[in-house]
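Visitor: Could we go through this structure together, a few places at a time?
Guide: Gladly; here it is.
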Protein chains: 2
Amino acid sequence: MAKAPQNAISPTRAEDYPEWYQQVIRAADMAENSPVRGCMVIKPWGYRLWENMQRALDDMFKATGHQNAYFPLLIPMSFLEKEAEHVEGFAKECAVVTHHRLEPDPNGGLRPAGKLDEPLIIRPTSETIIGATYAKWVQSYRDLPILINQWANVMRWELRTRMFLRTAEFLWQEGHTVHATEAEAIEETQRMIDVYADFAENWMAMPVTIGSKTPGERFPGAVDTMTIEAMMQDRKALQAGTSHFLGQNFSRAQEIVFQSESGDREYAWTTSWGVSTRLIGALIMTHADDDGLVLPPKLAPCHVIILPIYKDEQRAEVMEYIHSLRDELANQRFNDAPVRVEIDDRDLRGGEKKWHHVKRGVPIRLEIGPKDIEKRSAFMGRRDQPKSSPIGRDELVATIGTILGDIQNQLYNKAAQLRADHSVSIDNEADFRAFFATDDPESHEIHGGFAHCHFADEDSLQPLLKELKVTIRCIPREGNDEPGTCFATGKPAAKKAIFAKAY
Amino acid sequence: MAKAPQNAISPTRAEDYPEWYQQVIRAADMAENSPVRGCMVIKPWGYRLWENMQRALDDMFKATGHQNAYFPLLIPMSFLEKEAEHVEGFAKECAVVTHHRLEPDPNGGLRPAGKLDEPLIIRPTSETIIGATYAKWVQSYRDLPILINQWANVMRWELRTRMFLRTAEFLWQEGHTVHATEAEAIEETQRMIDVYADFAENWMAMPVTIGSKTPGERFPGAVDTMTIEAMMQDRKALQAGTSHFLGQNFSRAQEIVFQSESGDREYAWTTSWGVSTRLIGALIMTHADDDGLVLPPKLAPCHVIILPIYKDEQRAEVMEYIHSLRDELANQRFNDAPVRVEIDDRDLRGGEKKWHHVKRGVPIRLEIGPKDIEKRSAFMGRRDQPKSSPIGRDELVATIGTILGDIQNQLYNKAAQLRADHSVSIDNEADFRAFFATDDPESHEIHGGFAHCHFADEDSLQPLLKELKVTIRCIPREGNDEPGTCFATGKPAAKKAIFAKAY
C-alpha cells in the first residue's frame with residue numbers, strides 16, 4: 001500500500017518548485033488556464049485577494065494625491081511609432097485589431113470583415129495613448145502636476161506563460177504623471193517606488209530591495225527605472241513593481257508642452273509606475289508551503305474560518321455557540337478594519353474541510369464541537385504553525401487582533417530570514433560562478449540567491465551572465481556608497497548591484 | 001454689449017437637449033472623446049462617480065451571495081458561433097484581433113504580422129467565454145449554484161456614439177450564474193433586476209419601472225430579458241440595466257451539464273445581468289440642469305465643498321475656522337459613512353470658483369469669509385435650490401446628514417414628478433400619434449413621454465412604431481393584470497406595455 005502523502009501539495013517545493021507553484025494555485029482554487037492562449041481565469045478566491053490588494057494600493061495612491069481615470073483599451077498603431085525605444089520594446093508582442101465585424105464565411109463559420117484603415121493594438125501599457133491626451137490637457141504650468149492612475153487590463157503576447165507571473169492578459173494599475181520640473185518628476189518616481197515597497201513589506205509581508213535598473217534592464221523609453229526586487233523561496237528574484245522616470249522622452253515624442261511661469265515653452269517631465277496581478281504570484285512564492293497557500297492576514301479575504309463539529313442532535317447547540325463567537329470576533333478590529341470571520345457549515349468530512357482552508361491559506365482555523373463548548377474554548381490552528389491547540393474563548397476574542405498581527409510579523413520575519421540566509425557579497429568571478437552554478441542543470445535543486453557585487457560595466461558582463469542565466473536585478477538605493485572593484489573585470493566600480501536568477 | 005448668459009450651460013435643455021448633454025459633461029470635466037474612434041477618456045471627476053457606483057453595487061452583489069472573478073478579454077471566434085441568436089446579435093459590431101505583433105513596413109512605419117490561426121474578438125459580452133469555463137466547473141448538482149460577477153471593459157463597434165450612453169468601449173459589470181432548476185434561475189433573474197432598481201432609486205435618485213422586454217427587444221439568446229427603464233428630462237426612455245433569464249439556451253450551446261440528485265444528466269439553467277457606465281449618462285440626464293451637473297449625495301464624490309473668502313491678511317484666521325469646520329463636518333455621517341468634505345483654496349476669483357463646483361454638481365457649497373466667522377456661520381448653497389443663505393455653524397454640523405438626505409429625496413421626488421407628469425394611458429392610435437408626433441421633426445422641442453398601452457402583438461405594430469420612432473420599452477411587472485384591447489388593432493390584449501422614444 002502506498003504511503004499517505006505527508007503534505008497537501010505534491011510535488012513539494014524541494015521536489016519540483018515550478019510544479020509545486022502550479023499545484024498551490026490549483027489547490028487554493030485561485031486561477032486556471034483559460035481556453036484562450038496565454039490568458040487565465042482568476043477564480044473568486046484569487047480575485048478576492050486581488051481586490052484586497054487593489055483597495056490597499058488605491059488608498060495609498062489617493063493618500064499621495066493621485067486620482068483614478070480611464071483611458072482607451074485600443075491604441076492606434078501610429079501612436080506606438082513615435083517613441084523609438086518604446087516601439088522596439090512592445091511591437092514584438094502585441095494583439096493587433098484589424099477588423100470591426102464578422103461575416104459568414106462561404107466555407108462555413110465566420111470570417112473577419114470591415115477592415116480598419118489603421119490597425120489598433122490592445123494596450124501593452126498606456127504611455128502613448130495617455131500621453132496624447134495629456135498633450136491636450138497641458139497648456140500652462142498651472143495645469144501641472146497631473147497625477148493620475150488607471151486600473152486596467154493590458155496585453156502582451158508572451159510566448160511562455162505562467163499563471164499570475166506572466167500571462168498574455170493581466171490586470172494592473174498604471175500611474176502616469178506630468179510635472180513642470182525634472183526634480184519634481186524624480187521625486188514622484190521615488191515616492192511611488194516607496195509606496196510599492198511599503199505595500200510589499202507591510203501588507204504582503206514580503207521584504208524587498210529598492211534600486212535602479214541598469215540601462216539594459218530599463219523600461220523602453222525610460223531615463224531611470226526604479227524597481228522593488230523580492231527573493232522567492234527558490235532564491236530567484238522577482239521584480240514586483242517598477243516606477244519609471246521618463247525624463248522628457250515621451251513629452252518630446254508626444255508634444256506635451258507647457259508655458260512656464262516665465263513664459264517659455266518647455267517640454268514637461270513625465271513618470272509612470274505600475275504593479276500587476278504578478279504580485280499574487282510573488283505572494284504565493286514568498287509564503288506558501290508544502291501544504292498550500294499561506295496568506296498574510298492584512299490581505300487575507302477571510303481571517304478566521306470556523307469549522308463546526310457535531311452529530312446531528314448537537315447541531316443547534318454548536319451553531320448557536322459558533323454564531324455568537326463569530327459575531328464577537330467580527331466586532332474586533334485588525335489593521336483598522338473589522339476582523340473577517342466566516343463559518344464553513346458544509347456537509348463535508350472534518351478532515352476534508354480543514355484541509356480545504358489550509359490549502360487556501362486562511363490565517364486562523366477554529367474547530368469547535370460540544371467538548372470545546374463545555375470548556376468555553378476553541379481548537380485553534382494557525383496557518384503559520386504546524387500544530388493546533390486549544391484557546392479559551394475570552395482570550396481568543398480579546399487577542400484576535402494581536403494574533404493576526406503576530407502571524408503577519410512571523411511571515412515577514414521568515415521571508416526576511418530566507419533572504420538574509422541567501423544573500424552574499426561576492427568580489428570575484430570564481431565565487432560568483434560557484435554561487436550560481438548547479439551540478440545538474442536539469443535538476444530541481446534550489447540554489448544560489450542574491451549576490452551583491454561591485455560591477456563596472458553592464459555590457460562586458462553579458463557573456464558570463466548569459467552562461468549562468470543570471471541577470472542584474474538592481475543597483476540598491478540604500479547602503480551602496482562604498483566604491484570597490486568589479487567582481488569580474490577588476491575595474492574600479494562605484495556601486496554594487498544585486499545579481500540573481502529571476503522570474 | 002451681449003447680455004450675460006443666465007445659465008452656466010449653453011445651450012439650455014430647452015434650446016438643444018442633445019448638445020446641452022455634451023456641454024454638461026464638458027463643464028463638469030467628466031469625460032472627453034479620445035483619439036480612438038468611439039472611445040472616451042473618463043476623467044477623474046467622472047471616474048470618482050463611477051467608483052462610488054461600483055462600490056455600492058458591489059456591496060449589493062456580495063450581500064446577495066455573489067463573488068467577483070475575472071475572465072479573458074478575448075474570445076475565440078468559434079465560441080461565438082455556438083449560439084445562433086447570440087452571434088447574430090453581436091458579430092456585426094466587434095473588434096477582431098487577427099495578428100500578434102507588428103513589424104517594420106518596407107514602405108515605412110509598421111504593419112501587422114504574426115497572423116493568428118483563429119481570429120479572436122474583444123468581448124462584447126462574456127456569455128460564451130464564461131460559459132465554456134462553467135462547462136468545466138459544473139459536474140454535479142453539488143457544484144451549483146455558481147454566482148459570479150465580473151467588473152470589466154467590453155467593446156461593441158457602434159457606429160453612432162455618445163459619451164457614456166453609447167461608446168465603442170465601455171466599463172460594466174456582468175453577472176453570470178448557473179442553477180440546477182428553472183425556478184431558481186428565474187428567481188435570480190428577478191432578484192438582480194430588483195437590486196438594480198434598488199440602486200437606481202435609492203442611490204441614483206432615479207425612479208425606474210421594472211418590466212420584461214418583448215421578444216423583439218430581448219438580449220440575443222435570452223428567454224426573458226428584465227429591464228429597468230427610466231425617463232430622462234427630454235421624456236425619452238433609457239434602459240438602465242438588464243437581467244436575462246437564459247433558460248437552457250446557452251447551457252445547450254456550451255454543454256453545461258450536471259448530474260442531478262436523482263442521477264440524471266441535465267442541462268443547467270443560466271442567467272446574466274449587467275449595468276454599465278451608461279448609468280452615468282442616465283444620472284446626468286435625470287438630474288443635471290441648465291447650470292450643469294447635479295449629483296445625488298449618496299453618489300457624490302464630494303458632499304460639501306468649502307470655499308474660503310479672504311484678503312491676504314485674513315487668510316490665517318479664515319483657514320483655521322475652515323479647517324476646524326471641515327473636521328467637524330467630516331466627523332458627521334451620511335448614508336452609513338463619513339460626510340465627504342473638501343476645501344478649495346485655489347487662487348481663483350470667488351465667482352469662478354463657485355461656478356466650478358456648481359457645474360460639477362457638488363450637493364453643498366459653503367462660502368466662508370471673516371463676516372461669517374464673526375457670526376459663527378457659513379453661507380450655504382444647495383445645488384438643488386437656486387438661492388444661497390446663511391446657516392449657523394452648530395446647526396450646520398448637527399444637521400448636515402439630514403440636509404444631504406433631504407437633497408437626495410428632493411432629487412428623487414423631482415424626477416418622479418417629471419415621470420408622473422408625462423406618463424399617460426392611451427387606448428387608441430389617434431391619441432398615440434398625437435402624443436408622440438412633433439410639428440417639426442428638426443426642432444429640439446421636448447415632447448411625448450411614457451405611453452402605457454394595451455397591445456396584442458409586437459410585430460403588427462412595427463410600421464407605426466418605426467414611423468413615429470417609438471419603441472416598446474417593457475411590459476411592467478407590477479400593476480399590469482387588467483386585460484384590455486390593443487390601442488392600434490383593437491384585438492384583445494392581456495398586458496400593457498410602456499411605449500416611448502428612447503436612447
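Guide: A:R376 is partly exposed, because its relative accessible area is 41%, and partly exposed covers the range between buried, under 20% relative accessible area, and exposed, over 50%, with a 1.4 Å probe and protein chains only. Please keep in mind that this is a predicted model, in which local features need pLDDT of at least 70 and side-chain atom pairs count only at pLDDT 80 or more, while totals for chains, interfaces and linings use all residues. Residues are numbered from 1 along each chain as its sequence is written, chains are lettered from A and ligands numbered from 1 in the order in which they are written, and side-chain values use heavy atoms, with hydrogens and water left out.

Visitor: OK, and which residue does A:R376 form a salt bridge with?
Guide: The partner is A:D394, with the closest N and O atoms 2.7 Å apart; a salt bridge here is a side-chain nitrogen of Lys or Arg within 4 Å of a carboxyl oxygen of Asp or Glu. A:R376 sits in the loop between α11 (370–374) and β20 (377–382) of chain A and A:D394 in helix α12 of chain A, so the pair ties together parts that are 18 residues apart in sequence. Helices (H or I, at least four residues) and strands (E, at least two) are DSSP runs, numbered from the N terminus. A:D394 is also partly exposed, at a relative accessible area of 48%.

Visitor: How many salt bridges over all chains?
Guide: The count comes to 60 by this rule. In chain B, one of them joins B:R346 to B:D344, at 2.8 Å between the closest N and O atoms; B:R346 is partly exposed at 38% relative accessibility, whereas B:D344 is buried, with a relative accessible area of 5%. Another joins the side chains of B:R477 and B:E478 at 3.0 Å, N to O, where B:R477 is partly exposed at 29% and B:E478 is exposed at 55%. There is also one network, made by salt bridges that share partners, which takes in A:D29, A:E32, A:K43, A:R360 and B:K136.

Visitor: Switching to the interface, what area is buried between chain A and chain B?
Guide: About 5,100 Å² is buried between chain A and chain B, and carbon and sulfur atoms give 66% of that; buried area is the accessible area (1.4 Å probe) that two parts lose on being put together, summed over both. A:Y70, A:L102 and A:L110 supply 13% of what chain A buries against chain B, more than any other three residues. In terms of contact, meaning heavy atoms within 4.5 Å, 63 residues of chain A meet 63 residues of chain B.

Visitor: And how many salt bridges and polar contacts are there between them?
Guide: There are four salt bridges between chain A and chain B, including the one between the side chains of A:K62 and B:E51, at 3.0 Å from N to O. Polar contacts across the interface number 28 residue pairs, both residues being at pLDDT 80 or more; such a contact is a pair of N or O atoms within 3.5 Å, where within protein one must be able to donate a hydrogen and the other to accept it, and residues adjacent in sequence count only if both atoms are side-chain atoms. Strand β6 (residues 110–122) of chain A gives the largest share of the side of chain A that touches chain B, namely eight residues.

Visitor: New topic: is A:A497 buried or exposed?
Guide: A:A497 counts as buried because its relative accessibility is 0%, and it is found in strand β27 (residues 495–500) of chain A. Leaving aside neighbours within four places in sequence, its contacts include A:A451, A:F455, A:I472 and A:P476.

Visitor: What does β27 of chain A pair with?
Guide: Strand β24 (residues 471–476) of chain A pairs with β27(A) in the antiparallel sense over three bridges, and two strands are said to pair if DSSP finds at least two bridges between them. The bridge partner of A:T471 in β27(A) is A:A500.

Visitor: Last one, where is A:H422 found?
Guide: A:H422 lies in the loop between α12 (393–421) and β22 (423–425) of chain A, and counts as buried at 18% relative accessibility. Its side chain makes a polar contact with the side chain of A:R235, at 3.4 Å.
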